[in-house]
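Subject: Structure for you to look at

Hello,

I am handing over the structure below, with my notes on what was found in it. Please read the notes with the model open beside you.

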Amino acid sequence: MEDYDFSSEGVILVLGVTGAGKSYFLNQLKAHCAVEGHSLRSETSECHAVQIYLDDDDKRSITVVDTPGFDDTTRPHGEVLTEITQFLAAQHILGVPLRGVLYLHKITDNRMTGSSLKYLRMLESLVGEEALENLILVTTMWNQVRDENLGRALRHEQDLLDHYWGPMEEKGSYVAQFDGTPDSAYALVFQLAGKESVVLDVQREIVDQDRTVLDTSAGANLVEQLERDSDVYRLKAAQLDAQLEAELAKEPRDKGKVRDLRDRKESINRVLRQMDESREQMIDQMRVRPGSPLRERIARFMRGGGKDAMAKAATLLAAVLNVTVFVVQLSMGGM
């Protein structure tokens, strides 16, 4: 891999659930740099980045980093959160400026899905109130909205503002539309490229306070949400128990109804067992403490990476975190 330097103007992070259009967004910055998917399986299994040079002398650049999505059927939430956290920790340790976060949400969803709501809550705890002015909440897939459905899409956008995004917008976050074109993608990048760098809450917790991912606000928030989900199913199981007990007390019994209730109860219990196993696995994955090990890995790389290692921050991030970098040259002059 060539030597790319993230440290010029810094980085911009792209977040969102699987299917929100993150890879498509990166492909508008640099064609074919990310695999796009059309299913619940995330096509981004690790961080990818597009470095955009802003002048003809290759002196100023901004790097846009795509991240794995939540709501991926093949990877637990805790694993994805840990990977995103590791990237942010390494970027903070290296002193590479973070210009902001683009959070992508597809406008074609008719309502806020459970996964999107979970991610939104986690996003707030990842970013923290002090960094909200460096957050852009972006609705995507406007290019897929037919004329006859435009009114519904606009109503959905207003619903997002009224019920979910409003508090963040009031504290300085921006709301924008991505229409699927390169011009629209670059406009969002340039909006953040000129902002002062920011430190996210999760970076302070992981690097400055040396917490585990589980002990961060984002990790605790994720566990809490999964426990609430389990509580919903436990309530359903208790209700089915009561219905089954009442049905068994009847004379004569309705055998068909008893069988149906038992089947439904077993189905709920099976889901509960899977949720409990998944939660325990996720908690184990988030017990890692990325801060100190990352410092050591970065120090080792710098000792063997030549005198210019810190200046070549992109090479460092790529080596430490397996980040793939694509470069696009723009003739932006004095932009």
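The average pLDDT of the protein is 81, and 79% of the residues score at least 70; pLDDT is the predictor's confidence in each residue, on a scale from 0 to 100. Over residues 32-46 the pLDDT stays under 50, and the model has 42 contacts for them beyond four places in sequence (a contact means heavy atoms within 4.5 Å). Residues 327-335 are also below 50 in pLDDT, with 30 contacts in the model beyond near neighbours in sequence.

This is a predicted model, in which local features need a pLDDT of at least 70 and side-chain atom pairs count only at pLDDT 80 or more, while totals for chains, interfaces and linings use all residues. Residues are numbered from 1 along each chain as its sequence is written, and side-chain values use heavy atoms, with hydrogens and water left out.

Two helices

Helices (H or I, at least four residues) and strands (E, at least two) are DSSP runs, numbered from the N terminus. Helix α2 (residues 77-94) packs against helix α7 (residues 217-248) at an angle of about 170 degrees, and their axes are 11 Å apart. Axes here are lines fitted to C-alpha atoms, for helices over the stretch in contact, and angles run from 0 to 180 degrees between N-to-C directions. α2 is therefore roughly antiparallel to α7 (the label is for angles over 145 degrees). His77, Gly78 and Leu81 of α2 meet Ala218, Gly219 and Leu222 of α7.

Residues in loops

Thr67 sits in the loop between β3 (61-66) and α2. Thr67 is buried, at 0% relative accessible area (buried is under 20%, exposed over 50%, partly exposed in between, with a 1.4 Å probe and protein chains only). A polar atom of the Thr67 side chain lies 2.7 Å from the backbone oxygen of Val14.

Most residues other than glycine have a negative phi, and most peptide bonds are trans. Met141, not a glycine, has a positive phi of about 70 degrees. Met141 is in the loop between β5 (135-140) and α4 (150-170) and counts as buried at 17% relative accessibility. Asp210 also has a positive phi, near 55 degrees. Asp210 lies in the loop between α6 (201-208) and α7 and is partly exposed at 24%.

The peptide bond from Glu251 to Pro252 is cis, with omega near -5 degrees. Pro252 is in the loop between α7 and α8 (255-285).

Regards

Definitions and conventions: Parallel < 35°, antiparallel > 145°, perpendicular 65-115°, else oblique. Polar contact = N/O pair within 3.5 Å; in protein donor to acceptor, adjacent residues only side chain to side chain.
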